[in-house]
Amino acid sequence: MSNKDRLILLTTLLLITLLIAVDLATDLNEGVAIWHLVIEGSAGIMALLGIGYIFRDMVNLKHQLHHQRLLTENLRQEATEWRTRSKEYLDGLSHLINEQLCRWQLSPAEKEVTFLLLKGMSLKDVAAIRGTSEKTARAQSMAVYAKAGLSGRSELSAFFLEDLLPQKFEND
């Protein structure tokens, strides 16, 4: 339910409560039967309970939103810290990958395709980023695999990333 919907429902319930209160006051002055007052009073109490429920829901949503914002900010800070700490290593890795691509005698276009593939881009994404057709991106990726002596994207990724993973995964 959107905030607009909540506000409309809250306003409606407040108006119902107000109308019931006015009707109850009028009925009391006119000496209406007690059972009638009890029924109308119950309707007013239910409207008040609905108002309380909506307020409680709004407060809970506000707390959840605040918590999510804090979590998002913490994750952004964590990502920024990781990038800062790892920049030197990533720059070195990028340089070493580029050296290997030179050893494979890849053209500048093939190098660019290789880096995009290593970032996890699809051939469609590679083509869009480079302003070429998907067919061209596919042909260039096949040329990369052939020059590197690899069978495909998985072997390409493994060639550069396999040694980055720890040999043994231990429980912390």
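A pocket, as I use the word here, is an open set of grid points with protein on both sides within 12 Å along at least five of seven lines. I'm working from a predicted model.

**Pocket**

I looked up the largest pocket and got about 240 Å³ of space. Which residues line the largest pocket? I noted L90, L93, S94, I97, F115, L118, K119, F160 and L161. By class, I have 7 nonpolar residues in that lining, plus 1 polar and 1 charged. Then I checked the helices: helix 2, helix 3 (108-118) and helix 6 (153-161) each put at least two residues into the lining. Which helix gives the most to the lining? I found helix 2, with 4 residues.

**Surface patch**

Next I went to the outside. I34, W35, V38 and I39 make a nonpolar surface patch of about 470 Å². Is I39 buried or exposed? I put I39 down as exposed, because its relative accessibility is 52% and the cut-off for exposed is over 50%.

**Backbone at Q105**

Last, I checked phi. Most residues other than glycine have a negative phi. I logged Q105 for a positive value, near 60 degrees, in a residue other than glycine. Where is Q105 found? I traced Q105 to the loop between helix 2 and helix 3. Its relative accessible area is 63%, so I wrote Q105 down as exposed too.

Note on methods. Residues numbered from 1 in each chain as written. Predicted model: local features only at pLDDT ≥ 70, side-chain atom pairs only at ≥ 80, totals over all residues. Heavy atoms only, no water. Patch = residues over 30% accessible without salt bridge, like charges linked within 9 Å, V, L, I, M, F, W, Y side chains within 5 Å. Areas by Shrake-Rupley, 256 points an atom, 1.4 Å probe, with all protein chains shown as cover. Salt bridge = Lys/Arg side-chain N within 4 Å of Asp/Glu carboxyl O. Buried < 20%, exposed > 50% of the residue type's maximum accessible area, 1.4 Å probe, protein only. 1 Å grid on protein atoms, 1.4 Å probe; cavity = no way out; pocket = protein on both sides within 12 Å on 5 of 7 lines; lining within 4 Å. Points joined across faces, edges and corners; volume = space filled by probe spheres on them. Nonpolar A, V, L, I, M, F, W, Y, C, P; charged D, E, K, R; others polar.
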